[in-house]
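Q: Can we go through this structure before I set anything up? I'd like to start with the pockets, then look at side-chain contacts.

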Amino acid sequence: MEHLQTQGISLPRLGLGTFRMQGEVCRAAVESALALGYRHIDTAEMYGNEDAVGAAIAASGVTRKDLHVTTKVWHENLAPDAIRRAFDASLKKLKLDRVDLYLVHWPSRNMNLPAIFETLLKLKQEGRTRAIGVANFNLALLKTVVEQIKAPIACNQIEYHVMLDQTKVARYLAAKSIPLVAYAPLAQGRAASDETLISIGRKHGASAAQVALKWLLDQDGVAAIPKASRAESQRANLDALKLKLDDEDRKAIAALPKDKRFVNPGFAPAWD
């Protein structure tokens, strides 16, 4: 498994997303993924599954130093005291003494960015999170965080897939050597039925979803966290790493419409 080096952590390029997985389904999925060799698990306060993720990690027998765990603070808890409370609750549910990466899950319109990052940096200095970062930050917000506040962010986690152009943000992150972590990398399942991707997959003896995932992971500085509750899907995503796309494939994918965003909570500053 390839890793991205960022702000002192080693981030496996393929991880397991757990959004909309709850209880025993989530626990079983994380246990299965860890047994298959996944070492990057992504969760969040808002997902309501950190306890299930923590139980799976505890049962897995995987050495803590070999495991990367990301969790996130919800946009309603971005006041400094609220961040601390949310972080303590997340750590307790995960049954961990630290996480590897703690992210601002979504920006909010009235957030105080300097105060947020002062608090996050204190958590990092205390050794309770190894790195900090953001999710769902557009270019303007990224520039504020990186150039004005000079926060040492380890990634920006955003929706990114073959149906959505993220060139502006991707170029900025690449120029700053900040990884892009792609969530919904299979376009919430829609990639599997795309005729272009199916055709490319047929050529390589692979599925359309594997083609979509490998297209992302072939890009420098990009990691992906597909949600997969079934072991078969988790294994298929791992097998996508073996796929070799050629220039003809990439040209066909580049020609696909890239204007479809499937995650928009409505409360965050607009993407422009």
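Q: Which residues lie nearest the centre of the largest pocket, and how many line it?
A: This is a predicted model. The lining of the largest pocket counts 36 residues. Nearest its centre are Phe19, Ala184, Gln188, Pro226 and Lys227.

Q: What volume does the largest pocket have?
A: The volume is about 730 Å³.

Q: Which helices each supply at least two residues of that lining?
A: Helix H8 (208-217) and helix H9 (231-239) do. H9 gives the largest share, with 3 residues.

Q: How does the lining of the largest pocket split by class?
A: There are 19 nonpolar, 12 polar and 5 charged residues.

Q: And the second largest pocket, what is its volume?
A: For the second largest pocket the volume is about 180 Å³. Its lining has 13 residues, and Ala174, Ile178, Asp220, Gly221 and Val222 lie nearest the centre.

Q: Where does the largest share of that lining come from?
A: From H6, with 3 residues. Strand E1 (3-6) and helix H6 (167-175) each supply at least two lining residues. By class, the lining of the second largest pocket has 8 nonpolar, 4 polar and 1 charged.

Q: Where do phenylalanine 19 and tyrosine 47 lie in the chain?
A: Phenylalanine 19 is in the loop between strand E3 (16-17) and helix H1 (23-36). Tyrosine 47 is in the loop between strand E4 (40-42) and helix H2 (50-60). The pair therefore ties together parts that are 28 residues apart in sequence.

Q: Is tyrosine 47 buried or exposed?
A: Tyrosine 47 counts as buried, at 9% relative accessibility. Phenylalanine 19 is at 30%, which counts as partly exposed.

Q: How many aromatic pairs does the structure hold?
A: The structure holds 3 aromatic pairs. One of them is tilted, that of phenylalanine 19 and tyrosine 47. Phenylalanine 87 and tyrosine 102 form an edge-to-face pair, 4.8 Å centre to centre with 80° between the planes.

Q: Which elements does the pair of phenylalanine 87 and tyrosine 102 link?
A: Phenylalanine 87 is in helix H3 (residues 80-94) and tyrosine 102 in strand E6 (residues 101-104). They are 15 residues apart, and the pair links distant parts of the chain. Both phenylalanine 87 and tyrosine 102 are buried.

Q: Switching to charges. How many salt bridges are found?
A: A search of the whole structure gives 19 salt bridges.

Q: Which side chain does glutamate 248 meet in a salt bridge?
A: That of lysine 203, at 3.3 Å from N to O. Glutamate 248 sits in helix H10 (residues 247-254) and lysine 203 in helix H7 (residues 195-204), 45 residues apart.

Q: What other salt bridge does lysine 203 make, with aspartate 249 in view?
A: The side chains of lysine 203 and aspartate 249 meet at 2.7 Å, N to O. That pair also runs from helix H7 to helix H10, with the residues 46 apart.

Q: Why does aspartate 249 count as buried?
A: Because its relative accessibility is 2%, and buried means under 20%. Glutamate 248 counts as exposed at 58%, and lysine 203 as partly exposed at 43%.

Q: What about aspartate 239 and lysine 242, at what distance do they meet?
A: Their side chains form a salt bridge at 3.1 Å, N to O. Aspartate 239 is partly exposed, with a relative accessible area of 32%. Lysine 242 counts as exposed at 63% relative accessibility.

Q: Which residues do salt bridges with shared partners join into one network?
A: Arg64, Arg98, Asp100 and Arg130.

Q: Last topic. How many disulfides does the structure hold?
A: The structure holds 0 disulfides. Cysteine 26 is in none, and the nearest cysteine sulfur, in cysteine 155, is 19 Å away.

Note on methods
Residues numbered from 1 in each chain as written. Predicted model: local features only at pLDDT ≥ 70, side-chain atom pairs only at ≥ 80, totals over all residues. Heavy atoms only, no water. 1 Å grid on protein atoms, 1.4 Å probe; cavity = no way out; pocket = protein on both sides within 12 Å on 5 of 7 lines; lining within 4 Å. Points joined across faces, edges and corners; volume = space filled by probe spheres on them. Helix = DSSP H or I, 4+ residues; strand = E, 2+ residues; numbered from the N terminus. Nonpolar A, V, L, I, M, F, W, Y, C, P; charged D, E, K, R; others polar. Salt bridge = Lys/Arg side-chain N within 4 Å of Asp/Glu carboxyl O. Buried < 20%, exposed > 50% of the residue type's maximum accessible area, 1.4 Å probe, protein only. Disulfide = S-S within 2.5 Å. Phe/Tyr/Trp six-rings, centres within 6.5 Å; stacked < 30°, edge-to-face > 60°.
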